[in-house]
Amino acid sequence: MSGADHALRRVSAVRGVRGAMLVSAPDGLVISESSMEDVDGRAIAALAASLAGRLRRAAASAGLGRPTVIQLRGETGTLLAVPAGDELLVVAVGDRETNLGLARLELLEAARGIA
Amino acid sequence: MNDDVRALTSELARDPGSLVFLDLAEVLRRRGQLDAALTVAASGLARYPALADAHALHARILAERGDGDGAFDGWMNALQLEPAHQAAHRGLGFLYYRAGDLARALRHLEFAAQAAPEDAGLRAAIERVRVAAAPAPAEALAGGTAAGEVVAEAAPAPTSRAIPFAIDSGSGTSSESELFAGLDGARDGLLLLDQHGLRLGGALRNEDGADVSDAVAAHLAGVSREAARAARLLGLGEWQSLGVECEDGNAHLVAPTAETVLLTVRDVSVPAGRLGLVAERAAQAARRWLERVA
């Protein structure tokens with residue numbers, strides 16, 4: 001198992017997390033994924049990369065520096081995305097019961113290990 | 001590559017003479033791939049030089065790349081071909097607004113609104129320009145009102161140099177100043193924009209004190225649509241907020257209405273949870289303000 005796969009499994013093991021994936025930030029392609037069932041991984045990867053790119057440009061214009069954690073909250077769950085260097089994005093999807101604090105820490109740890 | 005882009009690219013490859021280049025360039029523009037969007041739009045424009053939509057889209061992309069001169073020429077070309085072209089009037093309205101020519105801005109925005117009477121962002125923009133132009137209403141409304149006359153006006157192009165890319169919030173209108181009145185960050189750190197990336201109110205400054213509102217707003221055009229699409233695809237229901245923790249500050253996005261987005265920015269000392277509460281209070285203020293100006 002690769003280091004990335006191991007990192008994604010750790011993220012997926014957090015309570016409430018439905019799955020995690022590693023995404024190529026420039027083109028929004030899935031590189032690796034873990035337990036992403038019942039969702040269109042390719043579409044999520046593309047949208048997450050697009051959102052992250054847009055937010056990165058906005059943050060730069062606002063003088064906020066680089067994004068470290070992005071959190072899209074919906075009515076019934078959350079999408080978390082953490083950049084791993086300039087080229088990669090670690091993405092996780094969780095339901096309403098997700099331990100977001102722990103998921104965030106695991107994502108940051110995964111990003112550090114992957115970058 | 002996004003499925004939409006892939007499908008549209010394939011369609012264009014199969015039929016290079018089709019008008020699908022408009023859709024492809026627009027999708028690329030919304031994704032922020034401005035170089036690719038410009039290439040597609042320019043290629044289509046070369047094939048269809050008499051198509052107003054092609055000029056208008058080309059101009060919009062140029063505007064987002066910061067080429068105000070090119071955008072002005074493009075939108076004027078669109079109006080030469082189609083004097084009532086809504087997007088061209090809208091674009092020129094914002095260019096004139098940024099250049100400080102409120103009279104011309106108002107005329108173009110009002111023409112644009114005739115074709116889109118339900119566009120709340122446009123209505124708010126017109127209200128803002130009207131209030132700003134109030135000291136000289138006769139001058140602002142002088143001249144012809146037919147679309148053809150607007151096209152024919154010998155207006156100097158608002159050059160890139162002449163465009164104050166960020167409009168000083170200190171000179172905001174009284175209506176706009178009411179937007180976040182009484183809230184922490186009312187003059188720096190709260191920014192309301194429409195789904196097209198037009199600043200409706202509030203302001204944002206960088207660490208040097210420069211107003212970066214318009215630049216940030218432009219980058220966030222379409223963010224609400226993308227967030228909604230991602231939430232839907234994931235079965236998360238309606239999107240409620242988008243939080244961004246950054247190296248030097250935190251940002252929080254919410255949608256006070258379906259057509260607007262509110263950006264709240266604070267330094268890193270403000271925890272994300274508290275930032276969400278600040279954003280929700282500001283969103284309530286924004287909803288009240290939008291109802292008043294509608």
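Predicted model: local features only at pLDDT ≥ 70, side-chain atom pairs only at ≥ 80, totals over all residues.

Author: What follows starts with the sheet, moves to the interface, and ends with the aromatic pairs.

An open sheet of 10 strands runs E2(A)-E1(A)-E5(A)-E4(A)-E3(A)-E3(B)-E4(B)-E5(B)-E1(B)-E2(B), with antiparallel pairing. At its edges stand strand E2 (29-34) of chain A and strand E2 (199-203) of chain B, each of which has a single partner strand, so one side of each is left without a neighbour in the sheet. From one strand to the next the twist averages 15°. On the chain B side, strand E1 (residues 190-194) is joined to E2(B) by 4 bridges, the two running antiparallel, and within this pairing B:Leu192 has B:Gly201 in E2(B) as its bridge partner.

Two helices of chain A pack on this sheet. Helix H2 (residues 41-61) of chain A touches strands E1 (17-24), E2, E3 (67-74), E4 (77-84) and E5 (88-95) of chain A, together with strands E3 (239-246) and E4 (250-254) of chain B, and its direction makes about 125° with that of E3(A). Helix H3 (residues 100-114) of chain A touches E1, E3, E4 and E5 of chain A as well as E3 of chain B, with its direction at about 25° to that of E4(A).

The contact between the chains can also be described by residues and by area. In it, 38 residues of chain A are in contact with 42 residues of chain B, and the area buried between the two chains is about 3,400 Å², of which carbon and sulfur atoms give 57%. Of the area that chain A buries against chain B, A:Leu47, A:Arg54 and A:Leu64 supply 21%, more than any other three residues. Across this interface there are 2 salt bridges; B:Glu226 forms a salt bridge with A:Arg54, where the closest N and O atoms are 3.0 Å apart.

After H13(B) comes B:Gly235, with a positive phi near 70°.

B:Leu22 is buried, at a relative accessible area of 16%, and touches B:Leu51, B:Asp53, B:Ala54 and B:Leu57, leaving aside residues up to four places away in sequence. B:Leu22 and B:Ala41 are 19 residues apart in sequence, yet 6.7 Å apart in space from C-alpha to C-alpha.

B:Phe21 and B:Tyr48 form a stacked pair, 5.9 Å centre to centre with 10° between the planes; B:Phe21 lies in helix H2 (residues 20-30) of chain B and B:Tyr48 in the loop between helix H3 (34-47) and helix H4 (52-64) of chain B, so the pair ties together parts that are 27 residues apart in sequence. B:Phe21 is buried, with a relative accessible area of 4%, whereas B:Tyr48 is partly exposed at 27%. The rings of B:Phe72 and B:Tyr96 have their centres 5.9 Å apart and their planes at 90°, so this pair is edge-to-face. B:Phe72 sits in helix H5 (residues 68-81) and B:Tyr96 in helix H6 (residues 86-99) of chain B, 24 residues apart. B:Phe72 counts as buried at 6% relative accessibility, and B:Tyr96 is buried with a relative accessible area of 1%.

Definitions and conventions: Residues numbered from 1 in each chain as written. Chains lettered and ligands numbered in written order. Heavy atoms only, no water. Phe/Tyr/Trp six-rings, centres within 6.5 Å; stacked < 30°, edge-to-face > 60°. Buried < 20%, exposed > 50% of the residue type's maximum accessible area, 1.4 Å probe, protein only. Contact = heavy atoms within 4.5 Å. Pairing = 2+ DSSP bridges. Axes fitted to C-alpha atoms, helices over the stretch in contact; angles between N-to-C directions. Buried area = accessible area lost by both parts, 1.4 Å probe. Salt bridge = Lys/Arg side-chain N within 4 Å of Asp/Glu carboxyl O.
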